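This briefing is meant to be read with the sequence and the 3D structure side by side. Please keep both at hand while going through the topics below.

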Amino acid sequence: MAEGVYPVPERLLQDGQEKPFIDSLEKYKAMWTESIKHPETFFAKLAKDLLSWSMPFETVQNGSFVDGNVGWFLEGELNAAYNCIDRHAFQHPDKVALIHEGDEPDNVRKFTYDQLLREVCRLANVLRSFDVRKGDTVIIYMPMIPEAVFAMLACARIGAIHSVVFAGFSAESLRDRIRDCGTRLVITADEGRRGGRSIATKFIVDEALQGIDTVERVLVCRRTGAEVNWVQNRDVWYHEEILKARPYCPPMSMNAEDPLFILYTSGSTGTPKGVMHSTAGYLLEAAATVKYVFDCHDEDIFACMADIGWITGHSYIVYGPLALGVTTVLFESTPTYPDPSRFWRIIDQHKITHFYTAPTALRALRRLGDEWVQKWDLSTLRVIGSVGEPINPETWEWYYQKVGQSRCAVVDTYWQTETGSIVISPLPGAVAMKPGSATVPFFGIEPVILDPHTGERLEGDSVSGVLAIAKPWPSMARTLYNNHQRYMDTYFNVYRGYYFTGDGASRDKDGYYWIGGRVDDVINVSGHRLSTAEIESALVAHEAASEAAVIGGHDDLTGQSIHAFCTLKPGVESVEGLEKELILHVRRAIGPFATPKRVYVVHDVPKTRSGKIMRRILRKIVDNEADQIGDTSTLANPHVIQDLIKQLKTHIVA
Ligand code: WTA
């Protein structure tokens with residue numbers, strides 16, 4: 001093997017182990033080629049193997065990127081909750097479906113498939129008693145508790161479209177999302193617990209609902225028992241309603257293309273995009289990637305550490321593992337609570353075979369020292385995954401050696417909210433790994449590298465440009481809620497005929513893909529996707545601010561961090577503490593995870609003659625690469641560059 005290449009771990013191929021589903025590169029290549037050449041036969045077979053249908057499909061795929069009306073498994077009918085629960089509950093009712101690891105260690109709740117069925121049915125009946133119907137949207141704003149999973153599946157059971165909002169979002173951000181999807185029901189909790197601290201979840205919902213008149217009911221789950229504000233005729237307790245409901249609710253037969261959920265994500269404008277996923281295509285590939293990308297078998301215990309408020313939690317805590325009928329883990333706390341051994345302790349305690357987290361968490365844990373990892377038994381692990389941002393080779397090596405103990409496959413999985421499931425990743429039993437590379441495409445995915453300026457497809461190896469996908473795949477987003485034109489413009493009209501990812505990438509001599517990072521106005525902080533425009537609009541809403549420019553600076557720990565340049569309104573003087581106040585202002589407006597690392601109050605920002613802010617130059621200044629700024633002759637105000645460099649230097653000293 002060449003240097004920097006890690007072969008498929010011997011352990012996965014040994015006798016006595018579950019044989020990998022795909023155990024050689026040849027097999028992967030043959031299947032991938034089949035999936036590209038004959039997608040209809042390939043996916044028809046997969047869809048029959050992995051999903052249960054109440055009505056068979058006839059047309060496997062239609063529509064294209066050009067007409068923007070892609071559909072899969074048309075005429076087919078199924079129910080996502082039935083696929084994730086009932087069929088497994090019939091087969092093995094006592095198998096554990098969900099392990100909830102609470103905020104405090106040893107605070108564990110387990111639910112078998114049979115119990116999951118009852119919990120979800122009861123809640124589905126509660127939703128029906130509120131007159132929630134097929135096609136209605138329901139907002140879920142909840143901590144990482146089992147009831148959040150029940151809520152998603154209860155919606156799916158009755159054909160309602162859930163929209164989970166990450167519980168780290170502020171009241172304002174929650175309000176925007178509630179307003180956008182016009183929901184009548186919000187499901188929430190009294191409080192959340194994270195890292196030993198309480199979060200006033202219900203209070204945030206109450207604030208968010210001010211000025212909203214569509215919401216008729218707020219269903220409140222009791223997590224801590226804290227006293228909460230109560231709005232008569234609107235708020236109801238989850239535990240009380242559940243007792244009134246029957247334990248069985250028939251699943252609604254849904255068309256393959258009926259929406260399963262909306263998930264808001266950041267784009268290059270200030271308004272979040274409601275990414276909408278279909279029922280069958282999404283569910284199929286969530287399940288297929290757990291099976292093939294993670295090589296997950298029936299008796300495995302799958303632990304994805306993401307939050308259900310993000311797509312990773314949807315696909316790899318809820319829909320993927322449950323559709324396959326394996327045991328999934330829901331983790332309420334943080335990697336460092338009560339100490340930095342929390343992840344490793346969970347793996348030991350629950351005998352986890354598959355572990356999935358983000359590079360940011362790994363970088364932070366690596367810094368804290370190996371002793372936290374070493375004292376736990378991690379021998380059950382077979383496949384460990386990384387997601388959300390590029391993983392730097394040093395962190396990859398550490399993960400491979402210390403966590404995987406040089407015996408496990410590391411899957412660096414590249415994908416997006418819009419792709420629904422993993423699109424580029426090694427397969428544990430088949431593809432040799434290269435630290436820092438997401439490696440090869442999943443079935444049905446035909447990645448292409450385009451010249452960013454001409455849009456021309458760059459053929460062959462050793463090329464770099466922007467990453468696009470050439471053909472529709474089952475789990476791709478079908479539209480942006482109430483904004484199909486934006487869907488077309490963002491993904492398909494940038495490079496006609498292709499799905500544009502917004503990421504830069506290169507392909508090496510072995511045909512492996514290396515993801516560079518976003519080439520649009522999206523930044524990635526600790527694996528959280530944020531739009532610079534959204535932060536900018538939060539800043540300019542502050543009374544002192546006139547104009548704001550936000551960029552992602554390089555950050556060793558969080559990948560990128562938020563740096564904001566802000567000019568003040570005429571006549572407003574900068575005062576001590578203003579920068580801090582602006583930081584807090586963004587935090588309040590969007591949520592703690594969007595807190596800028598720095599806000600610089602400045603006199604001016606570099607602009608073109610037509611008035612466009614040159615963020616590229618600001619990025620160079622922040623990253624200490626001012627010598628690489630290059631030609632500034634097109635700027636209207638080139639002198640500001642030197643002023644900013646000087647000002648930032650004093651900032652760093654201060
Ligand atoms: C980035 C998260 C490099 C990328 C699943 C993408 C990655 C954005 C990787 C999507 C990876 C995700 N290597 N970059 N393995 N995985 N990204 O929608 O920039 O929250 O466009 O979905 O995360 O973020 P999102």
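The model is predicted, and the distances and volumes below are computed from it. The ligand is surrounded by 17 residues, the second largest pocket has a volume of about 640 Å³, and a search of the whole structure finds five cavities of 30 Å³ or more.

**Ligand surroundings**

- Among the 17 residues that surround the ligand, the closest are Asp-412, Thr-417, Asp-503, Arg-518 and Arg-529.
- On the side of the ligand's nitrogen atoms, one such atom is 2.7 Å from an N or O atom in the side chain of Asp-412, and a nitrogen atom is also 2.7 Å from a polar backbone atom of Thr-413.
- An oxygen atom of the ligand, in turn, has a polar side-chain atom of Thr-417 at 2.5 Å.

- Ser-333 sits in the loop that runs between strand 17 (327-331) and helix 12 (342-350).
- Is Ser-333 buried or exposed? Its relative accessible area is 5%, and Ser-333 therefore counts as buried, because the cut-off for that class is under 20%.
- The side chain of Ser-333 makes a polar contact of 2.6 Å with the side chain of Asp-103, and a further polar contact, of 3.4 Å, joins the side chains of Ser-333 and Arg-342.
- Leaving aside residues up to four places away in sequence, Ser-333 touches Gly-102, Asp-103, Arg-194, Gly-195 and Arg-342.

**The second largest pocket**

- The second largest pocket, with a volume of about 640 Å³, is lined by 30 residues, of which Lys-29, Val-440, Asp-510, Gly-511 and Tyr-512 are the closest to its centre.
- Helix 2 (25-37) and strand 21 (447-450) are the elements that give two or more residues to the lining of this pocket, and helix 2 gives the most, with five residues.
- Sorted by class, the lining of the second largest pocket holds 20 nonpolar residues, nine charged residues and one polar residue.

**Cavities**

- The lining of the largest cavity is made up of Asn-79, Ala-80, Ala-156, Gly-159, Ala-160, Met-254, Pro-259, Leu-260 and Thr-279.
- By class, the lining of the largest cavity has six nonpolar and three polar residues, and no charged residues.

Technical notes
Residues are numbered from 1 along each chain as its sequence is written. This is a predicted model: local features need pLDDT of at least 70, side-chain atom pairs count only at pLDDT 80 or more; totals for chains, interfaces and linings use all residues. Side-chain values use heavy atoms; hydrogens and water are left out. Helices (H or I, at least four residues) and strands (E, at least two) are DSSP runs, numbered from the N terminus. Buried means under 20% relative accessible area, exposed over 50%, partly exposed in between (1.4 Å probe, protein chains only). A polar contact is a pair of N or O atoms within 3.5 Å; within protein, one must be able to donate a hydrogen and the other to accept it, and residues adjacent in sequence count only if both atoms are side-chain atoms. Contact means heavy atoms within 4.5 Å. On a 1 Å grid over the protein atoms alone, a cavity is a set of points where a 1.4 Å probe fits but cannot get out, and a pocket is an open set with protein on both sides within 12 Å along at least five of seven lines; lining residues have an atom within 4 Å of a point. Grid points are joined across faces, edges and corners, and a volume is the space filled by probe spheres set on the points. Ala, Val, Leu, Ile, Met, Phe, Trp, Tyr, Cys and Pro count as nonpolar, Asp, Glu, Lys and Arg as charged, and the others, Gly among them, as polar. A residue is near a molecule or strand if one of its heavy atoms lies within 4 Å of it.
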